[in-house]
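Here's a quick briefing for anyone opening this structure for the first time. Have a look at the picture, then read on.

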Amino acid sequence: MNRKKDKGFESPRPFKLTHQVVCINNINFQRKSVIGFVELTLFPTVVNLNRIKLNSKQCRIYRVRVNELEAPFIYNDPTLEVCHHESKQRNLNYFSSAYTAAVSAVDPDAGHGELVIKVPSELWKQGDDLKVLKVYIEFSLDQPKGGLHFVVPDVEGSMAERGAHVFSFGYQNSTRFWFPCVDSYSELCTWKLEFTVDASMIAVSCGDLVETIYTHDMRKKTFHYVLPIPTAAPNISLSVGPFEILVDPYMHEVTHFCLPQLLPLLKHSMSYLHEIFEFYEEILTCRYPYACFKTVFVDEAYVQVSSYASMSIFSTNLLHSAMIIDQTPQTRRCLAQALAQQFFGCFISRMSWADEWVLKGISGYIYGLYLKKTFGVNEYRHWIKEELDKIVDYELRMGGVLLHPTFSGGKEKDNPTPHLHFSIKHPHTLSWDYYKMFLCKAHLVMRLIENRISMEFMLQVFNKLLSLASTASSQKYQSHMWSQMLLSTHAFLKSISNVSGKDIGPLIKQWVDQSSVVKFFGSFAFNRKRNVLELEIRQDYTSAGTQKYVGPIKVTVQELDGSFNHTLQIEENSLKHDIPCHSKSRRNKKKKIPLMNGEEVDMDLSAMDADSPLLWIRIDPDMSILRKVEFEQADFMWQFQLRYERDVVAQEESISALEKFPTPASRLALTDILEQEQCFYKVRMQACFCLATIANAMVSTWQGPPAMKSLFTRMFCCKSCPNIVKTNNFINFQSYFLLKTMPVAMALLRDVQNLCPKDVLNFILDLIKYNDNRKNKFSDNYYRAELIEALTNSLTPAISISNEVRTVDNLNGDVRLILEEITRFLNMEKLLPSFRNTITVSCLKAVRQLQKNGHIPSDPSLFKSYAEYGHFVDVRVAALEALVDYTRVERCATELQWLLVMVQNDPTHYVRHKILGMLSKNPPFTKTSDSALCNEALVDQLWKLMNSGTSHDWRLRCDAVNLYYTLFGLTRPSCLPLPELGLVLNLKEKKAVLNPTIKPELGVGAGMDTAASIGIHGVGMSFTAVDEEPDPISLGVCGVGQPPQGLKRKAETPLGSPPEPGQILQQQDDDVRDVRGAGRYKIRFNTMEEEDIDMETVHDSQAFIHQHLNLLERPSTPGKEPLSVEQAMLSMPATPVPSFSKETTSSSSKHGGEHGGHHHHHHHHEHKKKKKKHKHKHKHKHKHESKEKERERDNSHAYSNSPASGRSLRSPSLSD
Amino acid sequence: MMQSYISEIGRCAKAYCEHTARSLPTLPDTVVTLVEMGFNVDTLPVYAKRSQRMVITAPPVTNQPATPRALSAGQKRTHPSHIPSHFPEFPDPHTYIKTPTFREPVSDYQVVREKAASQRRDVERALTRFMAKTGETQSLFKDDVTAFPLIAARPTTIPYLSALLPSELELQTLEETDSSEQDDQTDSENATGNNISDDPGADKENSMLPPGGVAPAAKASEDNVIDNPYLRPVKKPKVRRKK
């Protein structure tokens, strides 16, 4: 634990940003491009500030000026291509470390950035007086793949008529994708934002809209926003579109925006926002920090909710009309989440990534309070249980989730989470699932803290943090005040101890500094002689994702005489706990039994053990430990617990326990709870499914009509004709939810032949037939969708005689009926679409199920057509899910290809993310299974996808990594040829490619190749040198997948499209320019000794990678550099397989042996060596220069930490 | 000739009588008529008293054949009290009683529901089959593309509109049920969450919900006083603000 003890915030940068102007003067929807400039006002905090590192991705930068002087700059983004394009290295361990290195190399929290600006020497002297520097950057974005998303429907009319819009998005700090900035949550400044848009459009952004002014031609207008509250760049957003405006009728400073035609929905959906506002302001006793609030609803949203300073961007699919029941609570939840993040996350920002959990935890926690107030305690407790189950399940399955990672020394060796296939050092390397679980755990831990210190204190702490921040925010720039708006774990804990006076250290240590959850096994025995309950609580702390718990635990025992709480101490070695019982067993006396809540009830005690006074026992009933409890008690005890315990969590636990006791008594208990209207509806819904399970287990002894049938008839059918359901009236929501659930659960019933009983199927078909919604004021689309799901559930595998093709003729009669309904529903949906096309979604699932069960021929074409862009997103996702399933079942390579192509090309980010997510969840094959699909081409394709194809979207890249991990595991995929063989082949291939063009000068080509191997930045650098263009950025920008000829254009014009690194490098070999470039390159090599800045930046990231290589390389000897990238890669298999390593060594030697034969490779390595030497020199120099850098840190860190160490910044490309 | 003469006399006599606002012709009317027709009335008594006039004997009185009783259709209705008894009797009941000729409609709930359901289903099936026949289709079976035809999925340019906006049919239903169940809704919404606090604003809020109606109008006037930056007019560029 290396938490910062000092309260003040230390900026990793040698300057402090105070103000930033962002001006976007042109947004072209046709070309999907953006042109603008930014101006950053900085205060140097060191003398002689000569370099400024900023973040910028995919922007094309035209010029940079510092205080009106043209400034040279370098653009270098190692995350574009993580590993060398040509490398045949395919193991995920290698990728993960390289990726982490690349992200670290530009991490703004460490003071790094992709854009390095050299401060003109004229200004250096000024540095002494710590004068203001104004950095002016002109930039443009062309068809951005990340950061900004353009939605341009392809219809007739002007852009406004078409509903074209654009909005910013991103996962964590991603603002650098759309304008250059310091993309860190901890660098606050005030903002001036100007957006010039078409006169028919509206630009919504952060802060207060000061004025809107027409341009001179009156065709455009400029929106001027001012954000006086210091805000971090990642919290800045923009959305532009022909929005309809709705001023909130209750709060005039709140404005809502939606796309054309949706205004009525917006009015309805936003009609309760003011209540959420009131709630938060009341509990936090703090006014909403910003002067205004804006909500924007956009299509093709990246996530459902994203919060930015004083505005939130939502998915337009959250809007709903008054007729929709199911969407209403979901939308309200999303609004509440967004608003909670306004306070904690936007207004109060985090100090570092390690402190993320505090902010997410607090916002999640107050969101929970809102849920409790709005939806009730039952709903809240149900939600907490759900979240707890989720995190417990995830951690036990995947390993621990660490809230507060500390990285002492920044070495990967101290990786706190070795079980993960990604690094948790950066938000951008996290898997999405992990991040979701992280959020879940954060708010649960906040709740644990609340349990410890009371809610009152908790709210006081929040209030204190907010008031400190708002005091700070109103100050003019003073270097230390604004840091009050940053929250760190330390400051939070200190505030807690100040307010409450309690020490929550152990709690924090257990849940925050340590990952994993606790797993309890409980059992008991009743000692009649001593009248003592002997409780045994064991723990499993050896399997993955578990930890040992020591401390108090609450146990609630319901006895005949009442309910009693006991607090036991879980200690190292004590397993058994004796709990004295209060009551004697005396079942004969008729007496009411008092419950925990004071209620007294009559119970039928005939089922219970005559000797024991125990009714039921609960371990940790308040969920005050992040745990999983497996407790053993008799079935009648579970039944008592279900019937009489008033806590919904206890009821749900007992329902899941009763699944193992298929007895008539369980059936009765479940039926009773199902009928009981006072019971929480979600418990009743769960009881439906449990009842179905039990009925199936009891199939041979089951008596009476199918489970739930008579109950359903009693509740929902007409009195006069019990086979007909009443016309719909969803006024009572509880029974609405039950109405929806019961058929679905009933369809799971099976008879002795394991078929769905005829009764049940007819019953469901009748429900569909007699469904009548004419008199209902609510839409029944969700209900109908559930009925289709019920039909789906009733399907059982077809009896296949042989592998004959399924035809219409041999269709089973029941299936024919089902199919007819589905066809009709699906067709009707085309004519009268339902809300969110829920019915289509259900139908697609049903069709897939029919296919899977062999009733109809398995065919992906239907799903493919529904998965196309242009369908509603829910429909697409459902169709894609079916396709993913098809791919798995049929092991179809073409479909997998189709899906992967869609991942690369689909316009909607959410859909791409979803495809990869579904593929990981339902993989066509796994690392343990063999499959024909697993071949080299697929490995290469996926590798390329995560290596370079997804550089524009952090989330997507992590999804790709996840999929790769699921399919191939951490080590080299087994389907690849043996590494030795592969290497030889590769070399030959390479030779074959390169040899024809290799001329004596071609050593250079190889050299460049090497540069590329380190990452794209290398290419960028070398070409800057080559072309003498004041436009290195365009090279740095270069994304993969762009037309290769772009390079030549680029060299001539900065507007050209960027090249694809790998391809070009080979293509250009015969280019004259390259020959010229070769010469230059050599020259540069000569000058390299004199601290060439270009090479330095190359090293910045390169150094990282090599550092990791060294770390991973088992026989690594410090100081000895790997001969080549390939070799290094090969000599570090993740799991040390001895034979494997032998092969690698032999292969590397072979590789080495070939050097003489191949000129090209020779140069290749020579180049590398030179670089390495160079690097070492730097290292030594640094040691001399700065003594505090003596510890073994990589030198890029050293650079960044001493940017003012007098290093000259010189680049041949920068001619003033 | 004779007949027309006599009927002419009768007609004229009737005309004279009606002329004097009577309904039955009297002797003078006939006399005037005869005079008018150029007949010497004075000769009439002479003619009547002539000696050789023929005496026509009265026809033998035959028994009036009893008219067969009309088919009696039920009891004749007696006059209600406000009609004097001297007025003519009601005609036979069959002249005014209506006898339903169709069968009594089935009002049994079950059958009605059954019928409504199958009707709707038939309409839907016919409609979808028609759409499927006339448009592009997808099929679940390779061998028989006509079985279970599915209307082809066609991507739309703005998919969220149709998915989010309620269809016209639903809107119509909403309007019908809206007025009657306004209050119920408020209750039930409070009932769903287990303890939604009794916020006085909640009721007001719900009454604001339905699209149309009073709320927007009220808000429109409100908006005029709201100082929201997005509602302010766009400023003209200043001359000095040249870029």
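In this predicted model, helix α22 (residues 873–890) of chain A packs against α24(A) at an angle of about 30 degrees, and their axes are 10 Å apart. The two helices, α22(A) and α24(A), are therefore roughly parallel to each other, a label for angles under 35 degrees, while over 145 is roughly antiparallel, 65 to 115 roughly perpendicular and the rest oblique. Axes here are lines fitted to C-alpha atoms, for helices over the stretch in contact, and angles run from 0 to 180 degrees between N-to-C directions.

**The α22–α24 pair in chain A**

- α22(A) passes α24(A) in a right-handed crossing, meaning that the near helix is turned clockwise from the far one by less than a right angle, with anticlockwise being left-handed.
- On the α22(A) side, the contact is made by A:Val873, A:Arg876, A:Val877, A:Leu880, A:Glu881 and A:Val884.
- α24(A) brings A:Tyr910, A:Val911, A:Lys914, A:Ile915, A:Met918 and A:Leu919 to that contact.
- Sorted by class, the contact of α22(A) with α24(A) has nine nonpolar, three charged and no polar residues.
- In that sorting, Ala, Val, Leu, Ile, Met, Phe, Trp, Tyr, Cys and Pro are nonpolar, Asp, Glu, Lys and Arg are charged, and the others, Gly among them, are polar.
- Contact means heavy atoms within 4.5 Å, and helices (H or I, at least four residues) and strands (E, at least two) are DSSP runs numbered from the N terminus.

**The α3–α4 pair in chain A**

- Helix α3 (residues 273–284) and helix α4 (residues 327–343) of chain A pack at about 40 degrees, with axes 10 Å apart.
- That angle makes α3(A) oblique to α4(A).
- The crossing of α3(A) and α4(A) is right-handed.
- From α3(A), the residues A:Leu273, A:Ile276, A:Phe277, A:Tyr280 and A:Leu284 take part, and they meet A:Arg332, A:Leu335, A:Ala336, A:Leu339, A:Ala340 and A:Phe343 in α4(A).
- Ten of the residues in the contact of α3(A) with α4(A) are nonpolar, one is charged and none is polar.

- A:Pro907 sits in the loop between α23 (893–905) and α24 (909–921) of chain A.
- With a relative accessible area of 35%, A:Pro907 is partly exposed; buried means under 20%, exposed over 50% and partly exposed in between (1.4 Å probe, protein chains only).
- Setting aside neighbours within four places in sequence, A:Pro907 touches A:His149, A:Glu300 and A:Tyr869.
- A:Pro907 and A:Phe179 are 728 residues apart along the chain, and their C-alpha atoms are separated by 21 Å.
- A:Leu92 lies in helix α1 (residues 92–105) of chain A, and A:Leu92 is buried, with a relative accessible area of 0%.
- Beyond neighbours within four places in sequence, the contacts of A:Leu92 are A:His421, A:Met946, A:Val961, A:Tyr964, A:Tyr965, A:Gly969 and A:Leu970.
- A:Leu92 and A:Val884 are 792 residues apart in sequence and 23 Å apart in space, C-alpha to C-alpha.

**Positive phi values**

- Most residues other than glycine have a negative phi.
- A:Gln261 is not a glycine, yet its phi is positive, at about 80 degrees.
- You'll find A:Gln261 in the loop between β17 (254–258) and α2 (263–269) of chain A.
- A:Ser454 also isn't a glycine and has a positive phi, near 80 degrees.
- A:Ser454 belongs to the loop between α7 (432–453) and α8 (455–474) of chain A, and it is partly exposed, with a relative accessible area of 30%.

- Chain A has 38 helices and 31 strands, and 63% of its 1216 residues are buried.
- In chain A, 72% of the contacts with a separation of 6 or more are between residues 24 or more positions apart.
- Chain A exposes about 43200 Å², with 52% of it from carbon and sulfur atoms; such areas come from the Shrake-Rupley method with a 1.4 Å probe, and for residues only the protein chains shown count as cover.
- Chain B has ten helices and two strands, running α-α-α-α-α-β-β-α-α-α-α-α from the N terminus.
- Of the 243 residues in chain B, 24% are buried.
- For chain B, residues 24 or more positions apart make up 13% of the contacts with a separation of 6 or more.
- The accessible surface of chain B is about 18600 Å², 59% of it belonging to carbon and sulfur atoms.

**How to read the numbers**

- Residues are numbered from 1 along each chain as its sequence is written, and chains are lettered from A and ligands numbered from 1 in the order in which they are written.
- Local features need pLDDT of at least 70, side-chain atom pairs count only at pLDDT 80 or more, and totals for chains, interfaces and linings use all residues, while side-chain values use heavy atoms, leaving out hydrogens and water.
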